[in-house]
Amino acid sequence: MSKSLLDMLKSKQKELSARKSRDNTVKIPNGSSRWRILPHWSGDENAGLPSHDFGKHFIKDFSGEVQAVYICTAKTFGDACPVCDAITKAELSTADENAKNLLKGAKAAQRYLVNAVQRTDKGYASEVSILELPSGPFDDVISLAAQYASDGINIFSLDEGYDIVFNREGTGLKTKYKAMLAPRSTPVDKSYMAKAANLADYVQQEYEEAKTKAIAAVGSLASASTPMLPRSVSASSAATPARVTGKATASASVSRAEDDALDVDLSEVDLSGLDGLDE
């Protein structure tokens, strides 16, 4: 087997793995939920924090259909991101307000991944989840961990750690999170570590085909204009095309993309008319 063929096969394996794992994270559910964040996936408590930075771009067209998905290398690795660069250039080049809203929604929010086990009235779940935390709840977790670490307590410890109770209320721009420690320390079985994902491997989702597709989708928005509405649409509705439902609209609702500063879920939010939203 030639080296070039082996390289191509490895590249294809990486691509397939990235596609397979694209939607393999879970989010904090609405209401109150209790989770145990596991130690670093290596099993070594001194290997680093049990988390990994993460972010993804979801680029939609005027009909609201996702055209491309690609990892944000800036949010995930701290490196230059070609999709972020393409979005910035596209925002400057387009005059269409609805296209601008879609480009705004394509920006990746900062997220943090942790291995976690959910706890219910029946005890801990049998499987480990990759829990995707917005910056607000993650900041709370880090603050709590630092507070207890100053007293020599590791809240991520399997034997002496603490569960974290997350509370999520509201939707869209009104989403609010709270995080607090459970009142008592509880042990979790060491067997969970065998099921924990290697988060450093999980975030390796870069591949050329997806990057090219994402940049092309951004470029299409930059050169596009809001589609013409059907004649049956009333004049009052036609005045605000981005708010009219249907395939011919410019809805800027954004799946899985949340505002960085507010930690809100914009999956059902129409961004038209929010040109002044801070990033």
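**Thr73.** I started with threonine 73 and listed what it touches, leaving out residues up to four places away in sequence: Gly78, Asp79, Ala80, Cys81, Pro82 and Glu206. Contact here means heavy atoms within 4.5 Å. Threonine 73 sits in helix α2, residues 73–77. Helices are DSSP runs of H or I with at least four residues, strands are runs of E with at least two, and both are numbered from the N terminus. Threonine 73 counts as buried because its relative accessibility is 4%. The cut-offs I used: buried is under 20% relative accessible area, exposed is over 50%, partly exposed is in between, with a 1.4 Å probe and protein chains only.

**Ground rules.** This is a predicted model, so I noted that local features need pLDDT of at least 70 and side-chain atom pairs count only at pLDDT 80 or more, while totals for chains, interfaces and linings use all residues. Residues are numbered from 1 along each chain as its sequence is written, and side-chain values use heavy atoms, with hydrogens and water left out.

**Whole chain.** I noted eight helices and twelve strands. Of the 279 residues, 44% count as buried. I also looked at contacts between residues at least 6 apart in sequence: 68% of these join residues at least 24 apart.

**α3 with α7.** The axes of α3 and α7 (residues 208–222) come within 9 Å and cross at roughly 10°. Axes are lines fitted to C-alpha atoms, for helices over the stretch in contact, and angles run from 0 to 180 degrees between N-to-C directions. The two helices α3 and α7 are therefore roughly parallel (under 35 degrees is roughly parallel, over 145 roughly antiparallel, 65 to 115 roughly perpendicular, the rest oblique). On the α3 side I found Pro82, Val83, Ala86, Ile87, Ala90 and Ser93, which meet Lys211, Ala214, Ile215, Val218 and Ala222 in α7. That contact splits into nine nonpolar, one polar and one charged. For these classes, Ala, Val, Leu, Ile, Met, Phe, Trp, Tyr, Cys and Pro are nonpolar, Asp, Glu, Lys and Arg are charged, and the others, Gly among them, are polar.

**α3 with α4.** Next I checked α3 (residues 82–93) against α4 (residues 97–105): their axes come within 10 Å and cross at roughly 165°. So α3 and α4 are roughly antiparallel. Ile87, Ala90 and Glu91 in α3 meet Lys100, Leu103 and Lys104 in α4. I sorted this contact into three nonpolar, no polar and three charged residues.

**α5.** Last, I listed the buried residues of α5: Ser135, Pro137, Phe138, Val141, Leu144 and Ala145. Their cover includes β2 (31–37), β6 (111–120) and β9 (164–169).
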